[in-house]
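Here is a short briefing on one protein model. Please look over the sequence and structure before reading the points below.

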Amino acid sequence: MDIRKILAQYSYKYEGDWNKICKAIINKENIKNININEKYITIFDDEYPESLKKLRFPPWVLFYKGDISLLKKECISIVGSRNACNYGEDITRKIVNSNKNKVIVSGLAKGIDAIAHDEAIKCTKTIAVIGGGLNHVYPLENIKLYKIIEKDHLIISEYPCFTKVKKYHFPFRNRIIAALSEKLFVTQARVKSGTMLTVNEALNLSKEVYVVPYPLFLKEGEGCNLLISEGANIILEIN
């Protein structure tokens with residue numbers, strides 16, 4: 001059995017758990033052959049993005065639905081709050097429209113993520129990085145969006161299709177969103193949020209972070225203003 005098939009087998013056995021897969025590799029663990037019908041690429045495949053190899057914990061396997069070639073296109077990532085305000089939604093849509101020559105990467109979550117994907121399918125291509133197996137649509141309200149993206153764009157996950165969504169998957173998933181693009185755009189964020197974790201991942205990878213400024217007393221954007229005060233690039237205009 002070649003190394004890419006071994007990695008996929010380990011991933012199925014350990015439900016995509018990075019550390020358990022790593023231990024299995026080190027120990028050259030024997031494994032029974034598991035029938036894998038979903039599409040995947042591994043860290044050893046040509047389709048695997050070089051940017052992900054720079055991560056401290058690069059995903060061993062990426063399961064996918066859609067056009068895997070999008071991983072090699074020029075991308076920008078857009079992230080933000082799950083409770084999008086009107087200002088955040090408007091800015092998100094404008095940023096997507098000003099980057100029609102780029103692939104838009106986000107996490108298919110409720111709020112800003114869904115808005116970014118929704119606008120992208122109208123004018124460009126998009127990649128959704130999800131925190132569970134490809135057979136589990138979460139949140140369920142995004143199922144229509146999910147169906148469009150899996151058909152005409154790309155959905156990826158480091159978790160096998162049967163893996164249920166777990167809370168700790170999301171912050172770990174965010175490292176992939178940060179790594180896939182040279183620029184990360186934050187269009188809405190509170191001080192304590194998953195968005196801030198994605199920003200930290202981007203900074204660790206020396207990515208450019210661009211942040212939308214918010215009115216002083218608007219709590220929905222207090223995380224954005226904090227990032228700007230700490231040196232993030234401020235978005236003053238959108239072409």
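**Cavities and packing**

About 80 Å³ of space lies in the largest cavity. This is a predicted model, where local features need pLDDT of at least 70, side-chain atom pairs count only at pLDDT 80 or more, and totals for chains, interfaces and linings use all residues. Residues are numbered from 1 along each chain as its sequence is written, and side-chain values use heavy atoms, with hydrogens and water left out.

**Cavities**

- The structure holds two cavities of 30 Å³ or more.
- A cavity is a set of points, on a 1 Å grid over the protein atoms alone, where a 1.4 Å probe fits but cannot get out; lining residues have an atom within 4 Å of a point.
- A volume is the space filled by probe spheres set on the points.
- The largest cavity has 13 lining residues; Ile130, Gly131, His136, Tyr138 and Val165 lie nearest its centre.
- Its lining has eight nonpolar, four polar and one charged residues.
- For these classes, Ala, Val, Leu, Ile, Met, Phe, Trp, Tyr, Cys and Pro count as nonpolar, Asp, Glu, Lys and Arg as charged, and the others, Gly among them, as polar.
- The second largest cavity holds about 30 Å³ of space.
- Ser11, Gly16, Trp18, Ile21, Pro59, Trp60, Val61 and Glu158 line the second largest cavity.
- That lining divides into five nonpolar, two polar and one charged.

**Glu158**

- Glu158 sits in the loop between strand 6 (154–157) and helix 7. Helices (H or I, at least four residues) and strands (E, at least two) are DSSP runs, numbered from the N terminus.
- Glu158 counts as buried because its relative accessibility is 4%. Buried means under 20% relative accessible area, exposed over 50%, and partly exposed in between (1.4 Å probe, protein chains only).
- The side chains of Glu158 and Arg175 are joined by a polar contact of 2.7 Å. A polar contact is a pair of N or O atoms within 3.5 Å; within protein, one must be able to donate a hydrogen and the other to accept it, and residues adjacent in sequence count only if both atoms are side-chain atoms.
- Leaving aside neighbours within four places in sequence, Glu158 is in contact with residues including Ser11, Gly16, Pro59 and Val61. Contact means heavy atoms within 4.5 Å.

**Helix 1**

- Helix 1 spans residues 3–13, with Leu7, Ala8, Gln9, Tyr10, Ser11 and Tyr12 buried.
- Helix 2 (18–26), strand 1 (39–42) and strand 2 (61–66) are among the elements covering these buried residues.
- Asp2 caps the N-terminal end of helix 1, with a side-chain oxygen 3.2 Å from the backbone nitrogen of Arg4.
- Glu15 follows helix 1 and has a positive phi, near 50°.

- In helix 8 (residues 194–204), the residues Thr195, Met196, Thr198, Val199 and Ala202 are buried. They lie on the same side of helix 8 because they cover an arc of only 155° around the axis. The arc is that of the directions from the helix axis to the C-beta atoms.
- The buried residues of helix 8 pack against strand 3 (75–80), helix 7 (169–179), strand 7 (183–188), strand 8 (208–211) and helix 9 (222–229).
- Asn174 belongs to helix 7. At 7% relative accessibility, Asn174 counts as buried.
- Beyond its neighbours within four places in sequence, Asn174 is in contact with Gly194, Leu197 and Thr198.

Conventions:
1 Å grid on protein atoms, 1.4 Å probe; cavity = no way out; pocket = protein on both sides within 12 Å on 5 of 7 lines; lining within 4 Å.
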